[in-house]
Amino acid sequence: MSYRDLDPETAHRELQQDSTLRILDVRTVEEFTSHRLPNALLVPVQELAERLHELDREANWLVHCEHGRRSLWACELLVEAGFRKLANLRGGLAYWAGCGLPLDSGPQRS
């Protein structure tokens, strides 16, 4: 395993402290529209392998889904593709929301 596993509180703290940390949401479009982390990039897990060229392999990424299973698979795929600065959000957005941490909802603003 070449990625970190972060609980929501730690991930939230790192997002506040590190402006270079990017967020990769691997859920569906419908889930993303319903609720998401601010400034997240949506690449549904089913499209990830074909869209790797859109992602910066040198960037520091926080990967998440709704409950944490799809993001684990996504992290494994990203590691195999040469990404080295990865963190998985343990428990996904369900756990994040359960901790009372902030979420955006509705259409994403530009």
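Biologist: What does buried mean for β5 in this predicted model, and which residues of β5 are buried on the side of Ala-87?
Modeller: Buried means under 20% relative accessible area. The model is predicted. Both faces of β5 are covered, with Leu-86 and Asn-88 buried on one side.

Biologist: Which residue is the bridge partner of Leu-62 in β5?
Modeller: β4 and β5 run parallel, joined by three bridges. In β5, Leu-62 has as its bridge partner Ala-87.

Biologist: What is the handedness of the β-α-β crossover from β4 to β5?
Modeller: From β4 the chain passes through α3 to reach β5. The crossover is right-handed.

Biologist: Which residue in β5 stands opposite Asp-5?
Modeller: β1 pairs with β5 in the parallel sense, over three bridges. Opposite Asp-5 stands Asn-88.

Biologist: Which residue in β3 stands opposite Asp-25?
Modeller: Strand β2 (residues 21-25) pairs with β3 over two bridges, in the parallel sense. Opposite Asp-25 stands Leu-42.

Biologist: How far from the ring centre of Phe-32 does Arg-36 lie?
Modeller: A charge counts as over a ring only with CZ of Arg within 6 Å of the ring centre. Arg-36 lies over the face of Phe-32, and the distance is 5.1 Å.

Notes. Residues numbered from 1 in each chain as written. Predicted model: local features only at pLDDT ≥ 70, side-chain atom pairs only at ≥ 80, totals over all residues. Heavy atoms only, no water. Lys NZ or Arg CZ within 6 Å of the ring centre and 35° of its normal. Pairing = 2+ DSSP bridges. Helix = DSSP H or I, 4+ residues; strand = E, 2+ residues; numbered from the N terminus. Buried < 20%, exposed > 50% of the residue type's maximum accessible area, 1.4 Å probe, protein only. Right-handed = clockwise from strand over helix to strand, strands pointing away.
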